[in-house]
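Please look over the sequence and the model shown here.

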Amino acid sequence: MNVDETEEQVEEQNDIECQGCDSHSALNDLGLCEDCAEKLDRDLIRLRNWEHSVSTVDLSAGDRENFRKDIITQHGKEYELILPKRTSQRKKRTRRKS
């Protein structure tokens with residue numbers, strides 16, 4: 001592989017957009033830039049989804065909860081990247097008796 005081919009591969013990689021913010025930058029294995037990866041990790045912590053959070057791997061249960069409280073204090077309780085679950089606004093239909 002020569003230098004020109006390597007430069008072409010790097011340019012092709014940089015043309016890929018972040019799945020979270022559509023920026024062109026270095027992406028992780030999930031297709032997220034560094035900022036969006038941090039947002040996702042904070043969202044997972046808010047959800048108490050410890051097994052998928054990179055930041056809580058080595059923490060005890062008590063330390064995880066304290067860390068979650070710190071995240072909410074610093075960044076708020078609203079999700080930054082994950083879309084919240086929508087609650088159904090549909091009204092239940094009642095059947096008329098004939």
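C36 has a relative accessible area of 2% and is buried, where buried stands for under 20% relative accessible area, exposed for over 50%, and partly exposed for the range in between, with a 1.4 Å probe and protein chains only. C18 also falls in the buried class, at 1% relative accessibility. The structure is a predicted model, in which local features need pLDDT of at least 70 and side-chain atom pairs count only at pLDDT 80 or more, while totals for chains, interfaces and linings use all residues. Residues are numbered from 1 along each chain as its sequence is written, and side-chain values use heavy atoms, leaving out hydrogens and water.

C18 is in no disulfide, and the nearest cysteine sulfur to its own, that of C36, is 3.7 Å away. Seen from C36, the closest cysteine sulfur is the one in C18, and the 3.7 Å between them is too far for a bond.

The fold itself is simple to list. The chain holds 3 helices and 0 strands, with helices (H or I, at least four residues) and strands (E, at least two) taken as DSSP runs and numbered from the N terminus. Read from that end, the order of elements is α-α-α. Of the 98 residues in the chain, 17% are buried. Among contacts with a separation of 6 or more, 34% are between residues 24 or more positions apart, a contact being heavy atoms within 4.5 Å. The accessible surface of the chain is about 8700 Å², and carbon and sulfur atoms contribute 46% of it; such areas come from the Shrake-Rupley method with a 1.4 Å probe, and for residues only the protein chains shown count as cover.

Two loop residues remain. Which backbone angle sets D22 apart as a residue other than glycine? Its phi is positive, near 65°. D22 sits in the loop between α1 (3-14) and α2 (34-46), and with 49% relative accessibility it is partly exposed. R48, in the loop between α2 and α3 (61-75), is another residue other than glycine with a positive phi, near 60°. The relative accessible area of R48 is 41%, so R48 is partly exposed.

Terms used. Disulfide = S-S within 2.5 Å.
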